[in-house]
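Let's take a walk through this protein together. Please have the sequence and the coordinates ready in your viewer.

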Amino acid sequence: MKKSLSWVLITSLFFSISATSTTTFAQSTTVLSEEMQSMQSLGLIQGEGQGLTEHYINKKATKKQLQTILLRLNLPQSDRLSAILDSLDSKELLQVEEFYSIFLECLGYELNVDFTDSTVLSFARSIGLSPNTSSTFTNDEMAKALNDCLKAKQNLAVNSLKSLLKMAF
């Protein structure tokens, strides 16, 4: 009788722990890409309200989100960057060409000197960036592109992002 009671208790305990583990596993947290984790740790991407949820990561990036990132980078304000920041105040989807055009300028390359609107993606590739093949980004894709831009080859005449990266790391 004691053996069967012990067996019932052990079996019940085992299934109780097993059910709890399954429940805990089902509620696991969202897996973030390495780039998204980096952008989060730098404070550049923080998510909306509930943080970096799976919904947020897979949501299409907006111009407003890029504006927020640029403000968080605290880059020296040129007339061109100020105009860009003003034009981004929108919930419109962020276009890949627009993102790279802005970040190429932040890296010290000049529109209509180093690249044009029609060559922005090929120029980005020429300096080691990997532009997205679609016309828009998810937030995770934007984090990956942003990570690449922060590591990218700069125009030798500009050191602002290099200084920023030294302070961040």
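Which residue, with a positive phi, follows α6? That is Gly108, whose phi is near 100°.

Before going further, a word on the model: it is predicted, so local features need pLDDT of at least 70 and side-chain atom pairs count only at pLDDT 80 or more, while totals for chains, interfaces and linings use all residues. Residues are numbered from 1 along each chain as its sequence is written, and side-chain values use heavy atoms, with hydrogens and water left out.

Now for the overall plan. The protein has nine helices and zero strands, so from the N terminus the elements read α-α-α-α-α-α-α-α-α, where helices (H or I, at least four residues) and strands (E, at least two) are DSSP runs numbered from the N terminus. Of the 169 residues, 37% are buried, meaning under 20% relative accessible area with a 1.4 Å probe, protein chains only. The accessible surface comes to about 10500 Å², and 55% of it belongs to carbon and sulfur atoms; the areas come from the Shrake-Rupley method with a 1.4 Å probe, and for residues only the protein chains shown count as cover. Contacts, defined as heavy atoms within 4.5 Å, are also worth a look: among those between residues at least 6 apart in sequence, 68% join residues at least 24 apart.

Let's return to α6, which spans residues 96–106. This helix is mostly covered, with nine of its 11 residues buried. Among them are Val96, Ile102, Leu104 and Glu105.

One partner of α6 is α8 (residues 139–151): the two pack at an angle of about 20°, with their axes 11 Å apart. Here the axes are lines fitted to C-alpha atoms over the stretch in contact, and angles run from 0 to 180 degrees between N-to-C directions. That angle makes α6 roughly parallel to α8, a label for angles under 35 degrees. From α6, the contact is made by Phe99, Tyr100 and Phe103, and from α8 by Met142, Ala145, Leu146 and Cys149. These divide into seven nonpolar, no polar and no charged residues, with Ala, Val, Leu, Ile, Met, Phe, Trp, Tyr, Cys and Pro counted as nonpolar.

Finally, visit Lys63 in helix α4 (residues 63–73). Is Lys63 buried or exposed? Lys63 is buried, with a relative accessible area of 13%. Leaving aside residues up to four places away in sequence, Lys63 touches Leu88, Ser90, Glu92, Leu93, Leu94 and Glu98.

Conventions
Buried means under 20% relative accessible area, exposed over 50%, partly exposed in between (1.4 Å probe, protein chains only). Angles under 35 degrees count as roughly parallel, over 145 as roughly antiparallel, 65 to 115 as roughly perpendicular and the rest as oblique.
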